[in-house]
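These are my notebook entries on what I looked up, chain by chain and then contact by contact.

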Amino acid sequence: MNNISRRGFMKGAAATTLLAGTSLPVLAQGEKLRVGVIHMGAISDTGWEYFQAQAWRALQAEFPDQVEVTVLENIAQIQDGERLFRQLATQGHRLLFGTTFSHYASLRKLAPTLPNSHFECCAGIEAGDNLGVFEAKHHEGTYLTGIAAGRTTKSNILGWVGAFPVPQVIYSLNAFMLGARSVNPDVVLKVVWVNAWVDPAKERDAVAALVAQGADVISGSPNTPVQGLAAEEHGVWAIGSTGDFSAYVQRGQLVSFELDWSAAHIEAARAVLDGTWTPTARWRGLGPGGFVKMTTASPELPASVAAEMAAAEAAIVAGTLNPFAGPLKNQAGVEQVAAGTTMTEDEIKGMTWLVEGVQGTLPTG
Amino acid sequence: MLWLSPLLAIALTSVVALVIFAAAGRDPFSSLVRFLFSPLGDLYSFGELLIKAAPLILIAVGLSVGFRAGVWNIGAEGQLVLGVIFGGWVALNYGPSGAPWVLPAMLLAGAIGGAFWAAGPAFLKTRFNANEILTSLMLNYVAALWLSYLVFGPWRDPMGFNFPQSEPLAPAALFPIIIEGTRANIGIIVALLTVALSWVVLSRRLVGFELKVTGLSAPAARYAGFSARRAVWIGMLTGGVAAGIAGVGEIAGPLAQIFPTASPGYGYAAIIVAFLGRLHPVGIVFSGLLMSLLYLSGDVAQMSLGLPSAITGLFQGMLLFFMLAADVLIRYRVRWRRAVPALALEAAR
């Protein structure tokens, strides 16, 4: 979290305004910044939209006197999203956030036509005209949880419940595998696809199928505690991937990481207040101002493993460790990334192959 | 007197709305004014009102043809989805060619798709006397699953990061915009033409009279030599065609892409629109606009009044409830009297 005090910030803002007198701020002097956020689903108590909501809550707390947030939730229809973004903008909201990839296409169309407001889309692909995007390096979180899984498993079989075979899920599970193999070369990872982001019934079935195949640590793309609860029932470990579900999964959650979008919201609002906002693409993982945060670990996790994870985290933040550094082989054992090289960000973002040791195929349409 | 009941329903719904706003701690009158009129603030919003009203009016007019004859087609939602599938197939395969016939072909295909889906219940009704309410309703779920299958499978956009959505439709497959600076497209004109056509047919042609008589009294219709089967086929197919075209309007209009959730439930909402409009084409235009306004107001409720958007469903349901109640109370007089013991009734016989 950024620790600039409000007074310090005001000084800085005043100085910037004096210096950059020629920039084009969308706000008049002393005007409150009105921020609009459109959630596709209900905010509820946990899950994707909940973490999105935590971000604007943090934004409100950061600028209690300068920022006013209008929130619309449960806007499930894409037709409606476009209209409401436009309406919020014409009502004087100068910074607008879309919470999912599904907003991306309509925001790309809309943002250039409403130059008086600025747009930000979570999980968008690339920055566009008047549209910034931000996404988390999920793989930095899954690499660390993979270390815990690799140390904890007794059967040397891990399980992954896959939502959709999109690159974001693929690089997450690959990094989970690489993290596990970094401490336990005998580990394999079995994957079951449910073809849904949220489908409690299918997720439960998937967990049962993985347990039946011998998996004793289960991770996946949940956003809900369902998989953790199912794993707990089967007496195997679960991992809170993209969310800390220890409040629900009280015994069976081994480790967890959370997505924290506060920095994206706060930085964008600060830039709009300063009149310095430009469309950028932010892809961040662990570390200060990052979007991935390690959260609670089970008391049963040995201190040595926790220390191992902490060391890996420090190395990732310092830039000395990259989960996708070569040599990396695919499932067939063919080298994909040569020793001494590292995958580029674009290569990771477009990843469509599974690393060696992952068992299961990508569903083909 | 019956013409009065939609107005009564609107008035009573407004009264309940005032109570709800007051209970939620808002100033009731200014909230109601905001709720109803702020979606009409500018040209863009007006266009939004029209593009939401167009499919509702179109489907409701189609359904009203059957409803007049006592043919209860509850399957407009599924028929709309079939319109999306058939029209979408044309758009995805021939849209990129840019040919000018793509759009008319999509409309035709959508109409065929909707009619095809409505033909099932019509056949089952005329052949086996199966209840068309149940068969048409159940086919809605089948249609939705077919669309999911296509969008998750063969139609998935290869550039869409595996998200369940089709490729964006080619410009040739999109409705032209009729009001600059809005999303209002020619779908609105299609809806109005349908209204005009159905008004002529229903009130100036024999077939309209036939349907009306069948609905009012089946034995009388039979005595006059009007075929009940014919009424079922006409009623179901008109509803299917209208819903299919409305489905094409969604993908060729505001969506411009095919999603598994192409319909925001217009097939169901149109049933309310049809009844609120007294099954009359002109009445349906007004009720369609009102219903569309309620959708937009639900967002206003969230945006500026801080109330949940579920309020839209609440008001829509209340409208229908009050209107049905008003109908009953206009047609029948309520008499309060002491309950007569069953035994006394028996004895009286």
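**Chain A as a whole.** I began with the secondary structure of chain A, a predicted model, and I found 11 helices and 15 strands in this chain. Its radius of gyration came out at 21 Å, close to the 21 Å that the globule rule gives for 365 residues, so I noted chain A as being as compact as a globular protein of that length. I then looked up the extent of the C-alpha trace of chain A along its principal axes, which is about 65 × 40 × 40 Å. Of the 365 residues in chain A, 48% are buried, and among the contacts in this chain with a separation of 6 or more, 65% are between residues 24 or more positions apart.

**The six-stranded sheet of chain A.** Next I traced an open sheet of six strands in chain A, whose order reads β2-β1-β3-β4-β5-β11 and whose pairing is parallel. Which strands stand at the edges? They are β2 (67-72) and β11 (281-284) of chain A, and because each has a single partner strand, one side of each is left without a neighbour in the sheet. From one strand to the next the twist averages 15 degrees. I also looked at how β2(A) is held to β1 (residues 33-38) of chain A: the two run parallel and are joined by six bridges, and L33(A) stands opposite V67(A) in β2(A). Helix α2 (residues 48-62) of chain A packs on this sheet, where it touches β1, β2 and β4 (118-122) of chain A, and its direction makes about 160 degrees with that of β2(A).

**Where chain A touches chain B.** I looked up the contacts between the chains and found 18 residues of chain A in contact with 18 residues of chain B. On the side of chain A that touches chain B, β2 and α3 (78-90) of chain A each supply at least two residues, and α3(A) gives the most, with six residues. Sorted by class, this side of chain A has nine nonpolar, six polar and three charged residues.

**One residue, L293(B).** Last, I looked at L293(B), which lies in helix α12 (residues 281-305) of chain B. Is L293(B) buried or exposed? It counts as buried, because it has 20 C-beta neighbours inside 10 Å. Leaving aside its neighbours within four places in sequence, I found L293(B) in contact with L36(B), P39(B) and L49(B). I also noted that its C-alpha atom is separated by 21 Å from that of G62(B), 231 residues apart along the chain.

Conventions
Residues numbered from 1 in each chain as written. Chains lettered and ligands numbered in written order. Predicted model: local features only at pLDDT ≥ 70, side-chain atom pairs only at ≥ 80, totals over all residues. Pairing = 2+ DSSP bridges. Helix = DSSP H or I, 4+ residues; strand = E, 2+ residues; numbered from the N terminus. Axes fitted to C-alpha atoms, helices over the stretch in contact; angles between N-to-C directions. Contact = placed C-beta atoms within 7 Å. Nonpolar A, V, L, I, M, F, W, Y, C, P; charged D, E, K, R; others polar. Buried ≥ 20, exposed ≤ 12 C-beta atoms within 10 Å, placed from the backbone. Rg over C-alpha atoms; globule rule 2.2 N^0.38 Å.
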